[in-house]
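Please look over the sequence and the model shown here before reading on.

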Amino acid sequence: MKLLLAGIALILIVETNAQWYSFPREAAQGAHDMWRAYSDMREANWKNSDKYFHARGNYDAAQRGAGGRWAAEVISNGREWLQERMGHGAEDSAADQRANQWGRDGNDPNHFRPAGLPDKY
């Protein structure tokens, strides 16, 4: 009986800590999702598509789990902080952050999709 209780306790402990082991993998995958969205944005070079790619990168990363959501938030906040320091408008940065949050919250990135953007993206 003691062995059975010890086994159940061990299983519960391992299951509780299982997320800790997946966090770094999720974060790396989320960072890759963010990079892919940035690369697609550069490749598409489509007018008024910036917010869509912000939302899509954050959405894809957040779908990975807690680590992906964390990576998306760190990358998005870092990018906006850097752009503000380089003299880009605070208004544009605020709009980017709204798109970032929209995607991280699991909302459809197509809300920001510009007309005519190829289906590839």
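At what angle do H3 and H4 pack, and how far apart are their axes? The model is predicted, so local features need pLDDT of at least 70 and side-chain atom pairs count only at pLDDT 80 or more, while totals for chains, interfaces and linings use all residues. Residues are numbered from 1 along each chain as its sequence is written, and side-chain values use heavy atoms, with hydrogens and water left out.

H3 and H4 pack at an angle of about 175°, and their axes lie 10 Å apart. This makes H3 roughly antiparallel to H4, a term that applies to angles over 145 degrees. On the H4 side, the contact (heavy atoms within 4.5 Å) is made by Ser93, Asp96, Gln97, Asn100, Gln101 and Arg104, and the residues from H3 include Arg69, Ala72, Glu73 and Ser76.

In the segment after H4 lies Tyr121, which is buried, with a relative accessible area of 11%. Tyr121 and Glu43 are 78 residues apart in sequence, yet 9.8 Å apart in space, C-alpha to C-alpha. Beyond its neighbours within four places in sequence, Tyr121 is in contact with residues including Asp40, Glu43, Tyr52 and Arg113.

How values were computed. Helix = DSSP H or I, 4+ residues; strand = E, 2+ residues; numbered from the N terminus. Buried < 20%, exposed > 50% of the residue type's maximum accessible area, 1.4 Å probe, protein only. Axes fitted to C-alpha atoms, helices over the stretch in contact; angles between N-to-C directions. Parallel < 35°, antiparallel > 145°, perpendicular 65-115°, else oblique.
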